[in-house]
Amino acid sequence: MDERVALVTGGTKGIGAAICKQLALEGYFVYINYRRDTPEKDDLINEIRATGGKAKLICFDVTNIDEIQIAINSIVHEKIDILVNNAGFLQDDLIYKIELKTWHTVLNTNYFGPVRLFELIKEKLLKGERPSVINIGSISGIKPRAGQAAYAVSKSMIIEWTNVMANTYTNKINFYCVSPGPVKTQMIIQTKWGKDPNATKRIPLGRFTEPEEIAKIVHLLDKNNFILSGQNIVYDGGFINTIME
Ligand SMILES: NC(=O)c1ccc[n+]([C@@H]2O[C@H](COP(=O)([O-])OP(=O)(O)OC[C@H]3O[C@@H](n4cnc5c(N)ncnc54)[C@H](OP(=O)(O)O)[C@@H]3O)[C@@H](O)[C@H]2O)c1
């Protein structure tokens, strides 16, 4: 079997970096997407290569169709076996306070980002072996906390898109969504709630998720095609059950 080829968006930090490391460890060739030139992207690729992994950095903003097209043209592999739509943007606010431009940025990144990228890369995915598209959703897309309006809507859209696409591409491409609760990354640590020392008390299993746990689920979904396509896997230590309607 050829080596599997992956493309991971928002791959240089947080959950995305953990997914890139996990897939490289499992022998995948990983295209690591980034949009900002930061030292963490060089640290990540050096770390992967130092442990014998194969990876290449690929620059584009998921909201920019021209940048995506240029980046896809630079991919030397004929096929992509797994696309991980991980890049995401969180801006919490109460619904009546959200400005239109925030709605636009959140939906354009978290929902239209994956839709746009899939449309541009689907020919390569259809050449893949047992290809899969794995979207990173959120429990906010199922049961949002107050103030998560735009983010919650974007994540519920991506969960439903996963389901619709699975039905459209049956036996051609598997689609999955992974919906974490709070994960220990910059996205959550920098929020008021993430900084609260008592935050984890609200999680029945008493801790935040580690990014590596999500990375292992992504790999499991890609390698095991016995898992029904279209599903949304919730991984949250029971947190969703504590959120009030
Ligand atoms: N952390 C959590 O508790 C949690 C829970 C549920 C779901 N999630 C989801 O998990 C995914 C990863 O989040 P994380 O916690 O790892 O957050 P993170 O550390 O903030 O990483 C987000 C990544 O997305 C990238 N990104 C954002 N907008 C982009 C764009 N327009 N084009 C390309 N890349 C873009 C960021 O790049 P820059 O560095 O350039 O901004 C960054 O690499 C997101 O979809 C998030 O919604 C996170």
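Predicted model: local features only at pLDDT ≥ 70, side-chain atom pairs only at ≥ 80, totals over all residues.
Local features were taken at pLDDT of at least 70 and side-chain atom pairs at pLDDT 80 or more, whereas totals for chains, interfaces and linings use all residues. Residues are numbered from 1 along each chain as its sequence is written, and side-chain values use heavy atoms, with hydrogens and water left out.

The ligand is surrounded by 27 residues, a residue being counted if one of its heavy atoms lies within 4 Å of the molecule. The closest are R36, N86, Y151, V183 and T185. By class, the shell comprises 11 nonpolar, 11 polar and 5 charged residues; here Ala, Val, Leu, Ile, Met, Phe, Trp, Tyr, Cys and Pro count as nonpolar, Asp, Glu, Lys and Arg as charged, and the others, Gly among them, as polar. At least two shell residues come from each of α1 (14-25), α6 (149-168) and α7 (186-189), where helices (H or I, at least four residues) and strands (E, at least two) are DSSP runs numbered from the N terminus.

Oxygen atoms of the ligand lie 2.8 Å from a backbone N or O atom of I15 and 3.5 Å from a polar backbone atom of G10. A polar backbone atom of V62 is 2.9 Å from a nitrogen atom of the ligand. Taken alone, the ligand exposes 890 Å², of which the protein buries 94% (Shrake-Rupley method, 1.4 Å probe).

Helix α1 has 12 residues and spans 17 Å from its first C-alpha to its last, close to the expected 16 Å (1.5 Å times one less than the number of residues). Of these 12 residues, 9 are buried, so α1 is largely enclosed by the rest of the structure; buried means under 20% relative accessible area, exposed over 50% and partly exposed in between (1.4 Å probe, protein chains only). The buried set consists of I15, G16, A17, A18, I19, C20, Q22, L23 and A24. Their cover includes β1 (5-8), β2 (29-34), α2 (39-50), β4 (82-85), β5 (132-136) and α9 (211-223), with contact meaning heavy atoms within 4.5 Å. After α1 comes G27, with a positive phi near 95°.

K79 is located in the loop between α3 (65-73) and β4. Its relative accessibility is 12%, so K79 counts as buried. The side chains of K79 and D81 are joined by a polar contact of 2.8 Å (a pair of N or O atoms within 3.5 Å; within protein, one must be able to donate a hydrogen and the other to accept it, and residues adjacent in sequence count only if both atoms are side-chain atoms). Leaving aside residues up to four places away in sequence, K79 touches D2, E3, R4, V5, K124, K127 and G128.
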